[in-house]
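Colleague: Could you take a close look at the pairing of charged side chains in this model? Please keep it simple, and then show me what surrounds that topic.

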Amino acid sequence: MNKFISHLEQKIIFDNRLIFVRSLLAFGALLTICFNDIDEVTNMNLLIHNETSFKLDVFLQHISLFNLFSSSFAKTISISILLIVFTGYFPQLFSLLQTWVHVSICNSFIAIEGGDQIASNLSMLLIPICIFDNRINQWSNNKLIITKSRKAINVFFNTYYFLILLQVAIIYLHAGVGKIFNDEWKDGTCIYYWFTNNIFGAPLWLQKILSIITLSPFTPLISWSVIILELGLFACILATDKLIKKLFLTLGVFFHLSIVLTHGLITFFFPMTAALILYLDNENSIYQYFEMKIKAINYGKKQETK
């Protein structure tokens, strides 16, 4: 037990993975806000009045940016906040403002999807960690000095961080178990239905290619591979092997990327990728990969100018 507590004392979660994740969440919200008519998507007259709404929902609707201000002004404020998030400055303040934007989308837009809700939840859960992050800019790699007070903070927030990971794990558990009890998922016909759906289906050119699979006897293998992947992602909450985590991280990102290509749910990709990075990318390998590529590009430009 003492060894485990000592490990938590030395384990620092205040790295640039936090801002990388927050930037992915912000980018998804930015796409939603920029490429939609705010007057149209916040027109609550298109919804049936729900008299059983929770008092919390009503309160959140009242403090929503899109209810407090005019649509154009709320859009400008939201975009400004999200753009500042990308800079990484003052996470203690802008983690709160970023959450305000995500919560406002969930409580003011008449058409939201799971990605919006996940972005809202994750940004809210990251607030306490960002408040106790003593960096001015989260993109910096300044190493923290492990003082006695910092040890206590590390123990608390590593425990708290595990609860965030548990929520991500439960998302995949719920998705996987829910499919098991669905007849269409068990017999594989759901693959055909989803790929040919009039709204969320694949583009016609892709449907013709995918029909080789959807009209074959192997469709149950495809549907069950999705179920097994989601249950495997849930099981990663218990994984200690780094290679297993990297494998499922890669599979998870490509899985959500395939959803973008097939169903066009672009904004869903970014919060789910952010969730996977928090959940499985302990070594911050995805960010380090992009950082290495950027350095290589900059180095190449310098060499050309010489």
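Modeller: One definition comes first. A residue is called buried when its relative accessible area is under 20%, exposed when it is over 50%, and partly exposed in between. Keep in mind that this model is predicted.

Now the setting. The chain has 306 residues, and 42% of them are buried. It holds 17 helices and zero strands.

Next, the charges. Side chains of opposite charge can pair when their charged atoms come close. How close must they be? A salt bridge needs a side-chain nitrogen of Lys or Arg within 4 Å of a carboxyl oxygen of Asp or Glu. By this rule there are three salt bridges. Let us visit them in turn.

Start with Arg-135 and Asp-133. Their side chains form a salt bridge, with N and O 2.6 Å apart.

Go on to Glu-230 and Lys-179. Here the closest N and O atoms of the salt bridge are 3.1 Å apart. This pair links distant parts of the chain, as the two residues are 51 residues apart. Glu-230 belongs to helix H14 (residues 219–235), and Lys-179 belongs to helix H10 (residues 148–180). Both residues are buried.

That leaves Asp-183 and Lys-186. Their salt bridge has its closest N and O atoms 3.7 Å apart. Both sit in helix H11 (residues 183–187). They are three residues apart there, so about one helical turn separates them. Lys-186 has a relative accessible area of 38%, which means it is partly exposed.

Look at Gln-207 in helix H13 (residues 204–214). Its side chain reaches the backbone oxygen of Phe-195 at 3.3 Å. Which residues does Gln-207 touch, beyond its neighbours within four places in sequence? They are Phe-195, Thr-196 and Ala-202. Thr-196 is eleven residues away from Gln-207 in sequence, yet their C-alpha atoms are 6.8 Å apart in space.

For contrast, turn to nonpolar side chains. Ile-63, Leu-68, Phe-69 and Phe-73 make a nonpolar surface patch of about 330 Å². Phe-73 lies in helix H6 (residues 71–87). Its relative accessibility is 44%, so Phe-73 counts as partly exposed.

One more phenylalanine deserves a stop. Phe-90 sits in the loop between H6 and helix H7 (91–108). Phe-90 is partly exposed, because its relative accessibility is 44%.

Back to your request, then. The count is three salt bridges. Another links helices H14 and H10 through Glu-230 and Lys-179. The pair of Asp-183 and Lys-186 stays inside helix H11.

Note on methods: Residues numbered from 1 in each chain as written. Predicted model: local features only at pLDDT ≥ 70, side-chain atom pairs only at ≥ 80, totals over all residues. Heavy atoms only, no water. Patch = residues over 30% accessible without salt bridge, like charges linked within 9 Å, V, L, I, M, F, W, Y side chains within 5 Å. Areas by Shrake-Rupley, 256 points an atom, 1.4 Å probe, with all protein chains shown as cover. Helix = DSSP H or I, 4+ residues; strand = E, 2+ residues; numbered from the N terminus. Buried < 20%, exposed > 50% of the residue type's maximum accessible area, 1.4 Å probe, protein only. Contact = heavy atoms within 4.5 Å. Polar contact = N/O pair within 3.5 Å; in protein donor to acceptor, adjacent residues only side chain to side chain.
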